[in-house]
Amino acid sequence: MKELKLTRRSFLKATGLVIAVSITPFGTKIINASERGSFDGTFKPSVWYEITPDNKVTIYFGNSEMGQGSMTALPMIVADELEAHWKYVQVKQAPADDSFKSPILGAQVTVASASVRGFYEPLRKAGAVGRAMFIKAAAETWGVPEDECFARLSTVFHRKSRKKMTYGQLVERASKLKVPENAPLKEEKDFRYIGKPMRRIDIPDKVEGKAIFGLDIQVPGMVCAVVAHPPAYNAKPVSFDEALALAIKGVKKVVKIPQGIAVLADDFYSAQKGKEALNVKWDEGSHPYMNSEYIEKYFMECLDKPGAVAKNVGDTQKALSEAKKTYEAVYYLPHVAHAMMEPINVTVHLQKDRCDIWAPTQAQTGTRMAASRVTGLPPEKIHVHTTFLGCGLGRRSQVDFIVEACEIAKHYDKPIKLIWTREDDIKYDRFRAATCQRIKAGLDGDGNVVAWHQKVVCTSILKFYNPAWIKNGVDYFCLWGIVDSPPPPVFSSTVYEFPNFYVEQYLSELPIPAAPWRSVQNAPNAFVIECFIDELAHASGKDPIEFRMNLLKNSPRARTVLETVREMSGWGKPLPKGKGRGIAQHSCFGSYVAQVAEVAVNEKTGEIKVEKVFCAVDCGPYVNPDTIVAQIEGAIILGISTALKEEVLFDKGGVKSSNFDDYKILRMSEVPEIRVEILKSKEKIGGIGEPGVTPVAPAVANAFFNATGVRIRRLPMNPKIVLEALRRK
Amino acid sequence: MISLNVNGKVYNVDVPPDTPLVWVLRDHLKLMGTKYACGVGECGACTVHVDGVAKRSCVIPVGDVHGKKIVTIEGLPKNHPVKRAWIMEQVPQCGFCQPGTIMQVAYLIAKTPNPDPEKVLKEMDDIICRCGTYPRMKKAIKKAIELSKKGVKK
């Protein structure tokens, strides 16, 4: 990936046809930006592409590529409507600029499975405009009516005379045309790329080891920075030996910053040795008594403390007291790490009048704002160069490491590359929020759920991400998958409808930070809801799929994915002893997913082996089905990893887990056979990066119940937890 | 001075002999395809070949490979069956772990004259891919074995 040095000035000097699109809440505005002066100062294009006389189509990609494939999918949309030949398409990483704000999210940020679903319509329109302009340019050249011409693979043809001209040949004329209003979009049957499995443009470089991740950035004069961080939350350094660190060959400087003590050196290993030589002594921090057991007990106790009301429909208490039968269950899901393969890193060069940041970041806007706050430079002086991301999972939507690197850069006049070790990456992660929940439900005589009362205790995400978004004491990010968020609205409610519905939240006061983690809290909340729904189905003697269908009368998309996965999985067919089948469904980011897991349980060792997962997904129109299958496969594997293995351990007021030897994640031999079916759907487009992770863990837990008759209400379902549960049988 | 033969080129580097090979490759030779990810030999992202054997370069002190032949992802031919299979099966997502994984598979396929896919798969549990590309890795490993056998026949 070539780094793009694109300023508005050089952009305006482009030599071909340049189409720029501004996406505002009021609609899409497309202009021909080929000529200087096309920008009136207020126009803020969100999408740019350019066709030059050599036929090349250059599409600027303003999102972050972290494996989800949108660096290929977004250009596919433009190229399809433009009717460009794919061999001419090249993609360049765009700079950080307000122009690239997501139409859905209002910032340049790659989160919430929003890239394709946000840009699908605007990019189709933008591509169609270019195609219409080339057709018009050709028709004018030949002196024939436009409707006698058509475009095919970067060439315009005249039907009668069989004349043809390439887009490259037409560029000059086309660049002088006005943007047509209402350029016709293709009909679905005419799609050339959309909906077809396309090879990803980033893969060849990734296979060659040539793709540049943040960790691979080289800037002349650069030094490497590592940081000694406190071992316990809020611990302060009592003493450290700067001279010993400086005595290590290659060490340049030792800098005390609010986050810890940074060591700068010529290379990573020297910096790391310098860090060890510092021999920092820390105080015990704010919560020296805090360990994993303490946290779990604390969360359980908080279930009985009054919280903030997030949802109150009907009269849930009354409905519960009048229900024919009531049920109650308590769930606990511990903190989970992002553990991306590329550890946290960023390179910063702070100069008097500008700051350059080479970052594997999901948040260009956030990076600029954070760097501006730390350096005192205005945001327009912060130049963010987005690299490839060695996985994101939401971790790189956070700017804590950007802030840390800028703090260090303030003390050094050359570029610094901050590298966190794997141990730093795990210990100073902002985790998937732990949650402890109690649900009470009331059923009427026919098995309908008449009341749903859910108490959610959790680590706050927004306290660290954006405290201003906490409304009336409620952190709605932690309730995604249960209730909708207030303005700016996020439609994140459970797809089930309950006539009496009460949700209360209590935010943990422990100092552990949390952040979005693939699906934000949809996955933990889906675990709680889908496991409990399964319990209710069993209690009322109904088939778990039938029971769900009955609750989803007004949600045809959720019903269809359930029906599809029922077919796929051979639901109802008998399984041998020791094996079980479980179902779960969830909807988020506008997509609907249902999964059936088949597990084998070894009751002696407590091991669960997930053997098969079937998945049906309805994400509306889709762009690259091969990427969708890859995303769902990856999400399922990640979900199984959290279901069976992952738990961050704490001790002495800090994080005990440190690396992949004590923070275990799923490996190849533990991966099940996975079958994915993408539904043909004409519904509204939904996101795909995250929804696949949500139903896995509950499907596995429900399958475990099917195999053993025992419910597990605590993750991860590792041998210790499984054996404890089986003993209670 | 430590003398290294990397991808057929000889380098002399002036570093402490306990420096892990991965950091010599990255910080001194600027070969960035070999990744640092765990530093303790748990994940495989830093895998290179040392005298033809797949090794975790994050736990090898550079002093131990003085004079030995090292091959990194950059030194594996572009038309290598594993690289081709990885593209054919569209394996990478984020791609960060893939160079190390490719080096591991290239070694496992090369070490026996007639590699058995199932045996190769059994030796893959010491790598980690957080994106969960394992199902495609499995397909690509089988494909790479097919391709390498075809190559031998010719």
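A:D216 and B:R26 form a salt bridge in which the closest N and O atoms are 2.9 Å apart. The model is a predicted one.

**Interface of chain A and chain B**

- The contact draws on 60 residues from chain A and 51 residues from chain B.
- About 4600 Å² is buried between chain A and chain B, and carbon and sulfur atoms give 58% of that area.
- Between the two chains, 27 residue pairs are in polar contact, counting pairs with both residues at pLDDT 80 or more.
- On the side of chain A that touches chain B, the elements giving two or more residues are α5 (203-208), α7, β19 (416-419), α12 (422-427) and α17 (625-644) of chain A.
- The largest share of that side comes from α17(A), with nine residues.
- By residue class, the side of chain A that touches chain B divides into 31 nonpolar, 11 polar and 18 charged residues.

**Salt bridges within chain A**

- Side chains of opposite charge can pair when their charged atoms come close.
- A:R438 pairs with A:D304 in a salt bridge, with 3.1 Å between the closest N and O atoms.
- This pair links distant parts of the chain, 134 residues apart: A:R438 is in strand β20 (residues 435-443) of chain A, and A:D304 is in the loop between α8 (292-302) and β14 (308-313) of chain A.
- A:R438 counts as buried because its relative accessible area is 18%, whereas A:D304 is exposed at 58%.
- A:E546 and A:R566 meet through their side chains in a salt bridge, at 2.9 Å from N to O.
- Here two helices of chain A are linked, with A:E546 in α15 (residues 544-551) and A:R566 in α16 (residues 556-569), and the two residues are 20 residues apart.
- A:E546 is partly exposed, with 40% relative accessibility, and A:R566 is partly exposed, with a relative accessible area of 23%.
- A:K729 and A:E603 form a salt bridge whose closest N and O atoms are 3.7 Å apart.
- Of this pair, A:K729 belongs to the segment after α19 (719-727) of chain A, and A:E603 to the loop between β24 (591-602) and β25 (607-618) of chain A; the separation is 126 residues.
- A:K729 is exposed at 60% relative accessibility, while A:E603 is partly exposed at 38%.
- A network of salt bridges links A:E65, A:R200, A:D202 and A:K206.

**Helix α7 of chain A**

- Helix α7 (residues 268-278) of chain A is mostly covered, with nine of its 11 residues buried.
- Among the buried residues of α7(A) are A:F268, A:Y269, A:Q272, A:K275 and A:L278.
- A:D267 caps the N-terminal end of α7(A), with a side-chain oxygen 3.1 Å from the backbone nitrogen of A:Y269.
- After α7(A) comes A:N279, which has a positive phi near 50°.

**A:E530**

- A:E530 is in helix α14 (residues 522-539) of chain A.
- A:E530 is classed as buried because its relative accessibility is 1%.
- The side chain of A:E530 makes a polar contact with the side chain of A:Y496 at 2.6 Å, and another with the side chain of A:R548 at 2.7 Å.
- Apart from neighbours within four places in sequence, A:E530 is in contact with A:Y496, A:R548, A:A584, A:Q585, A:P698 and A:N702.

**A:K186**

- A:K186 sits in the loop between α4 (167-174) and α5 of chain A.
- A:K186 is buried, at 12% relative accessibility.
- Leaving aside neighbours within four places in sequence, the contacts of A:K186 are A:D80, A:E81, A:E83, A:R124, A:R131, A:F191 and A:R192.

How values were computed. Residues numbered from 1 in each chain as written. Chains lettered and ligands numbered in written order. Predicted model: local features only at pLDDT ≥ 70, side-chain atom pairs only at ≥ 80, totals over all residues. Heavy atoms only, no water. Salt bridge = Lys/Arg side-chain N within 4 Å of Asp/Glu carboxyl O. Helix = DSSP H or I, 4+ residues; strand = E, 2+ residues; numbered from the N terminus. Buried < 20%, exposed > 50% of the residue type's maximum accessible area, 1.4 Å probe, protein only. Polar contact = N/O pair within 3.5 Å; in protein donor to acceptor, adjacent residues only side chain to side chain. Contact = heavy atoms within 4.5 Å. Buried area = accessible area lost by both parts, 1.4 Å probe. Nonpolar A, V, L, I, M, F, W, Y, C, P; charged D, E, K, R; others polar.
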